[in-house]
Amino acid sequence: MGPSLELSIPSTSLSTADSSKPYTLYNITLCLPLRTFVVQKRYSDFVSLHQSLSSITSSPPPAPLPAKSWFKSTASSPELTEERRKGLEAYLRAIAENPDRRWRETSAWRSFLNLPSTGVSSASSARKELVEANQRLGSNAGQLASDPGVWLDLHREMKGQLHDARLFLGRRDGATTAQGQYEAGANAKRCLVKAAGLIGNLEEGLKILSEGEKRGEGGSRVGAGELRRRRDLLGSAKVEREGLEKLAVSLAVKGQNGKGENGGAGATAQDKNALFGPGVSRPSGRVLGAPVPETDKTRQLDNEGVVQLQRQLMQDQDLDVEELAKIVRRQREMGLAIHGELELQNEMLDRVDKDVDRVKGKIDIAKKRVGKIS
C-alpha cells in the first residue's frame, strides 16, 4: 500500500440484528487516488487482524490495539465507543504511516481493508519493497514468503534477478576491457547471490504452506496442485541458477587464461611488479592480519554480495549439520539395537553352556553305571 492512502474512522454505527446481540460497527473511510469507500468492521475483526499481522511478521504492529472491556459494552456506553474509535483509528494510522512496510505487505492487511491488488504500473516497485522487507526479516523471511501472493511476487523478482544475471554474463563475455569485465561480472554475481537468497526464502515459505495444507489449513491458502506447480517452478529456478553459476566460473577461468588475447584485459606480471615492486615476496604460511585470498565466487562480489554469499553458505552448513545429526542418531539407534542383540545372544550362550555341563554330568553318571553292569 502506497503512502497515497488516507484512512480514518469518523463515525460508528450500531447493528441490531435479530439473530444476535447488538454490537458496534466502526466505519473506516479509505481515500484512494481514484475513489473513496467505507469499510465496516467489528472490534473482533480488529483482534483477528492484530493476531494475523503478529503471526505473519513475527512482530506486533507499531501501535497497541485498544484493550477489551469486560465490564462495559460499546452498545450501551457512548463514552467507551468514542474512546475505542479513537484508539482503533490511531492503531490503523500507525500501521499505514509507519516507515516499516512489513505489516502493510501482508494479505491480511489488504483483505481487511478490501484494498485492490497492486497495479501493473507499480508492480516493479512493490516487488522491490517486498525484497527489501524480505532481506530485513532475515531468519523470519520465510514467514513473509508463506503468503501466497507475496510468494509469487518474490518468485517474479527471483526470475528477474536470474534474467539480469544472464544479461550481465553476456556483457562480460563481450567486454574488451578489464573494467568492463569486472563490472559485468560483479553485477552478474550480485544478481546470482540475491537469487540464491530468494530461492531459499521461497523454499521456506513453500514448506510453511505445505505444513498448513497438511494440518487442514489449506482452504484459505493454496491447493495441493498449486503446491506441486510451485515446487516445479523452484526446481527449474535452481537448475537455471546452477547453470549460470557454472557459466560465471567458466568465464572467469577463460578470462584468466586469455589475458594476453583481450588487449590487456588482465593485469600482467610487469604491472604487478610496477605496483608492488619487483623484490616483494609473500611469506609462506598464514600471516596474522593478512587479507583472506579471493576465490572464484568472491572475486567479483562487493561487500553486500559477500555478506549474502556468507549467509547462504551458513544456511547450507546448517542443513548439512542437521543431516549429519540425523545420521548420528540413526547410528546410535543401530548401536543400541546391536548391543541389545549381543546381550541376548550372550544369555543364550550361557544357557547353552549350563545345558552342556548338565548333559555332561548325566553322561558321566551313565558311564559309571554301565561300567558297574559290565
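Visitor: In what order do the elements of the protein run from the N terminus on?

Guide: In this predicted model, the elements run β-β-β-α-α-α-α-α-α-α-α-α-α from the N terminus on, and the protein has 10 helices and 3 strands. Of its 374 residues, 32% count as buried, and among contacts between residues at least 6 apart in sequence, 63% join residues at least 24 apart.

Visitor: Why are α1 and α2 called roughly parallel?

Guide: Helix α1 (residues 43-57) and helix α2 (residues 78-97) pack at an angle of about 30°, their axes being 12 Å apart. Because angles under 35 degrees count as roughly parallel, an angle of about 30° makes α1 roughly parallel to α2. The crossing in which α1 passes α2 is left-handed.

Visitor: Which residues of α1 and α2 meet, and how does the contact divide by class?

Guide: From α1 come Tyr43, Phe46, Leu49, His50 and Leu53, which meet Arg84, Leu88, Tyr91, Leu92 and Ile95 of α2. By class, this contact of α1 with α2 has 8 nonpolar, 1 polar and 1 charged residues.

Visitor: What makes the pair α6 and α7 roughly antiparallel?

Guide: The axes of helix α6 (residues 148-174) and helix α7 (residues 178-214) come within 8 Å and cross at roughly 160°. Since angles over 145 degrees count as roughly antiparallel, the value of roughly 160° places α6 and α7 in that class, and they are therefore roughly antiparallel to each other. The crossing of α6 and α7 is left-handed, and the residues of their contact divide into 18 nonpolar, 5 polar and 5 charged.

Visitor: How do you know that proline 61 is buried?

Guide: Proline 61 has a relative accessible area of 7%, and because buried means under 20%, this residue is called buried. Proline 61 has its place in the loop between α1 and α2, where, leaving aside neighbours within four places in sequence, proline 61 is in contact with His50, Leu53, Ser54, Tyr91, Ile95 and Trp103.

Visitor: Why is serine 58 called partly exposed?

Guide: The relative accessible area of serine 58 is 43%, and because buried means under 20% and exposed over 50%, with partly exposed in between, serine 58 is classed as partly exposed. Serine 58 also lies in the loop between α1 and α2, and has a positive phi of about 60° although it is not a glycine.

Visitor: Which residues of the largest nonpolar core touch the most other members, and which elements each supply at least two residues?

Guide: Of the 26 residues in the largest nonpolar core, Ile28, Leu30, Phe46, Tyr91, Leu92 and Trp109 touch the most other members. The elements that each supply at least two residues of this core are β1 (6-15), β2 (23-31), β3 (36-41), α1, α2 and α3 (107-112). Apart from this core lies another, of 23 residues, among them Ala188, Ile199, Leu206 and Leu227.

Visitor: What does isoleucine 28 touch, not counting residues up to four places away in sequence?

Guide: With those residues set aside, isoleucine 28 touches Ser8, Ile9, Phe37, Val38, Val39, Lys41, Phe46, Leu92, Phe112 and Leu113.

Methods: Residues are numbered from 1 along each chain as its sequence is written. This is a predicted model: local features need pLDDT of at least 70, side-chain atom pairs count only at pLDDT 80 or more; totals for chains, interfaces and linings use all residues. Side-chain values use heavy atoms; hydrogens and water are left out. Axes are lines fitted to C-alpha atoms, for helices over the stretch in contact, and angles run from 0 to 180 degrees between N-to-C directions. Helices (H or I, at least four residues) and strands (E, at least two) are DSSP runs, numbered from the N terminus. Angles under 35 degrees count as roughly parallel, over 145 as roughly antiparallel, 65 to 115 as roughly perpendicular and the rest as oblique. A crossing is left-handed if the near helix is turned anticlockwise from the far one by less than a right angle, and right-handed if clockwise. Contact means heavy atoms within 4.5 Å. Ala, Val, Leu, Ile, Met, Phe, Trp, Tyr, Cys and Pro count as nonpolar, Asp, Glu, Lys and Arg as charged, and the others, Gly among them, as polar. A nonpolar core is a set of buried Ala, Val, Leu, Ile, Met, Phe, Trp, Tyr and Cys residues joined through side-chain atoms within 4.5 Å. Buried means under 20% relative accessible area, exposed over 50%, partly exposed in between (1.4 Å probe, protein chains only).
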